[in-house]
Amino acid sequence: MKKVILNALLTVALVVFSNQTTYAGFPIGNGRWLLVPTYTKYSADSYWNSTGEIVSFANTGRYESNYLGLYGGVGVGRDLDFVFNIPYVTQRYFENGNLVEQLSTVGDVTAGLSYFLNHYDYFKHLSITGSIIIPMYPNLQNTYLLPGFSSTGAEVKLGLAGTNTNTLKDTYYDIEAGVRTYFNSNGPTVLFGNATLGVPLNEDWKISGTVNVVSASSNSGFTTPTNPFINRDFNYVRGNLSVSTRLDRNISIWASVFRDFTGRGIGQGSGYSIFALIKF
């Protein structure tokens with residue numbers, strides 16, 4: 001049972017990358033930098049099985065993940081940004097209050113380019129981003145806890161971000177949809193979408209809500225012949241609520257809570273994130 005339960009949860013390290021919509025949709029600006037250090041805590045004591053039923057972990061099991069990441073970017077032109085993400089993940093699994101296994105490692109590093117397609121509206125930005133995925137850990141074969149799929153890959157996504165000037169005036173939105181694939185015979189191919197709506201409370205405070213949808217599939221099905229501990233067939237819907245305060249015109253601090261609402265072949269969990277947006 002462990003090889004089904006725990007390997008569904010390895011996607012936590014990947015899922016965190018989907019929570020970038022708060023700041024991913026606007027141009028950085030030629031010669032300017034954006035840095036986003038992030039800490040995320042995630043835990044789960046149950047999971048959705050392959051038919052979508054909720055099942056508790058055996059022996060009062062609990063999974064937890066501590067994620068430290070640095071998302072960043074630099075404007076290399078008026079319409080072009082270089083972006084990257086460097087994650088470090090510590091994963092633990094407990095049974096009956098005792099630590100069963102732990103893994104700490106750098107995860108999948110991503111790097112790519114975002115190109116902004118429109119010039120016609122200052123309040124709306126349409127972008128396309130292409131990134132490569134580079135695993136920075138060894139090909140782990142006999143462990144329940146994995147930071148990724150141990151494969152290079154690529155991602156392409158479209159994003160539309162903007163500020164409303166009429167209906168819901170001064171609110172902002174960020175919508176993304178994309179596909180991520182891994183360069184091995186078992187994949188998987190991951191389809192994802194994120195939608196964020198933000199509301200400014202005043203000049204210094206904002207709140208926002210995000211919905212994340214992810215669906216992964218593989219020609220190997222639920223498990224992988226070369227490593228039965230990896231689940232490559234799953235889906236989930238996650239909700240996220242965030243609040244931010246601006247320290248000055250270049251730095252803001254964000255805090256968010258999130259929860260998984262529905263899924264298949266993945267853990268049912270919740271957690272929180274704290275991150276800063278730093279521009280210079």
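Is I128 buried, exposed or partly exposed? At 34% relative accessibility, I128 is partly exposed, a label for values between buried (under 20% relative accessible area) and exposed (over 50%), with a 1.4 Å probe and protein chains only. Welcome to a predicted model, where local features need pLDDT of at least 70, side-chain atom pairs count only at pLDDT 80 or more, and totals for chains, interfaces and linings use all residues. Residues are numbered from 1 along each chain as its sequence is written, and side-chain values use heavy atoms, leaving out hydrogens and water.

**View 1. Strand β7 and its partners.** β7 (residues 124–135) pairs antiparallel with β6 (residues 108–116) over 9 bridges, pairing being at least two DSSP bridges between two strands. Across from S131 in β7 stands G112. Strand β8 (residues 153–163) is joined to β7 by 10 bridges, again antiparallel, and A154 in β8 is the bridge partner of I132.

**View 2. A nonpolar patch on the surface.** Among its members are Y115, I128, V156 and L191, and the patch has about 790 Å² of accessible area together. β7, β8 and β9 (172–182) each give two or more residues, with β8 giving the most, 3 residues. Areas come from the Shrake-Rupley method with a 1.4 Å probe.

Note on methods: Helix = DSSP H or I, 4+ residues; strand = E, 2+ residues; numbered from the N terminus. Patch = residues over 30% accessible without salt bridge, like charges linked within 9 Å, V, L, I, M, F, W, Y side chains within 5 Å. Salt bridge = Lys/Arg side-chain N within 4 Å of Asp/Glu carboxyl O.
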